[in-house]
Amino acid sequence: MAACTTAVLTLCGSGDHIVSGDTLYGGTHQLFTHTLPRLGIAVAEVDATDPANFERAITPATKLLYVETPANPTLVLTDLPAVAAIARRRGIPLLVDNTFCTPVLQRPLEMGADIVLHSATKYIGGHGDAIAGILVGSSEFITRARFETLRDIGGCISPFNAWLLIRGLKTLAVRVRQHGENAMVVAKWLEKHPKVTRVVYPGLPSHPQHELAKRQQTGFGGLISFLIAGGRDAGRTVMNSVELCTLAVSLGDVDTLIEHPATMTHSTYSEEDLLKVGIDPAMVRLSVGLEDPEDIIADLAQAFARI
Ligand SMILES: Cc1ncc(COP(=O)(O)O)c(C=O)c1O
């Protein structure tokens, strides 16, 4: 979030405007709907599945287009070349939160984005033991971000965490590939399970934007969202019954993490906004780890058996 606030406050001040996708990590949504408006920065959150929505929401005060793809936790995708073309035409920088894909699976700068953000707490660190963020952009932007904003607001990484990220980077490519392979096995199993009513994974042909995922990503990542027959209560039972998977926020860890977006990572969304952006109150999010996928499946199977 320090990377996010640094980018936003470098590009925007009081009176300015941001157009953003409406499905975001809950902390980013909270920043955009509560904290930035207090500073006089307005944010229009739009359905990011149609690039034209970005164009329609732009005003003369718009200083930034902000996109998270795949979005947390609905795994909705934004067509990056299409939104980048709008950004270029209107002369507004486009920032892409690339946390879910990492540079291994998606390269937004090559598709026309101006700035890329990562929560390095996730796949880049990779082991659930460091909190950090990364901003990538032109040297002009990074210099401004560093000396006009970051130095003043103080969102600095500790040297030890920086060292952990350098360690994580060495295995990033192999980890991300394996997370994706494991997630595909688990997603296919979930799709066949009688107690699962819906599986959302960009690698499955059932994902409404599967073709877009194949076009702009080189793999589908380690995150899966799903709904269980029996709704919220059944979801709670599953999350409290898993033994190998850990009930915890965060993602991109070597260990499989399971969580309930509506009450955990996305509790900052009102009930009305959760429904509007498609975060079903019964949705469960799984960050598939590097365990043997058969062990992850066995754990989910014994948890499903309790509902
Ligand atoms: C897509 C995305 N962006 C940003 C963040 C914020 O990251 P951090 O917790 O490292 O500040 C998160 C955290 O879950 C996230 O999922």
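Trainee: How do the residues of the shell around the ligand divide into nonpolar, polar and charged?
Mentor: Four are nonpolar, four polar and three charged. Bear in mind that this is a predicted model. Among the residues around the ligand, Met1, Ala132 and Leu251 count as nonpolar. Glu68, Asp97 and Lys122 count as charged.

Trainee: Which ligand atoms do Ser119 and Lys122 face?
Mentor: Oxygen, in each case. For Ser119 the distance from a polar side-chain atom is 2.7 Å. For Lys122 an N or O atom of the side chain is 2.8 Å from a ligand oxygen. Both pairs are within 3.5 Å, so both count.
Mentor: As for cover, the ligand alone exposes 390 Å², and the protein buries 88% of that.

Trainee: Where does the ligand sit?
Mentor: The space it takes is the largest pocket. The volume of that pocket is about 880 Å³. Its lining has 38 residues, and the closest to the centre are Met1, Ala3, Ala132, Gly133 and Ile134.

Trainee: Which elements each supply at least two residues of that lining?
Mentor: Helices H1 (2–11), H6 (139–153) and H7 (159–170) do, and so do strands S3 (62–68), S5 (115–119) and S6 (133–136).

Trainee: How does the lining of the largest pocket divide?
Mentor: Into 20 nonpolar, 13 polar and five charged residues.

Note on methods. Residues numbered from 1 in each chain as written. Predicted model: local features only at pLDDT ≥ 70, side-chain atom pairs only at ≥ 80, totals over all residues. Heavy atoms only, no water. Near = heavy atom within 4 Å. Polar contact = N/O pair within 3.5 Å; in protein donor to acceptor, adjacent residues only side chain to side chain. Areas by Shrake-Rupley, 256 points an atom, 1.4 Å probe, with all protein chains shown as cover. 1 Å grid on protein atoms, 1.4 Å probe; cavity = no way out; pocket = protein on both sides within 12 Å on 5 of 7 lines; lining within 4 Å. Sits in = over half its atoms within 2 Å of the grid points. Points joined across faces, edges and corners; volume = space filled by probe spheres on them. Helix = DSSP H or I, 4+ residues; strand = E, 2+ residues; numbered from the N terminus.
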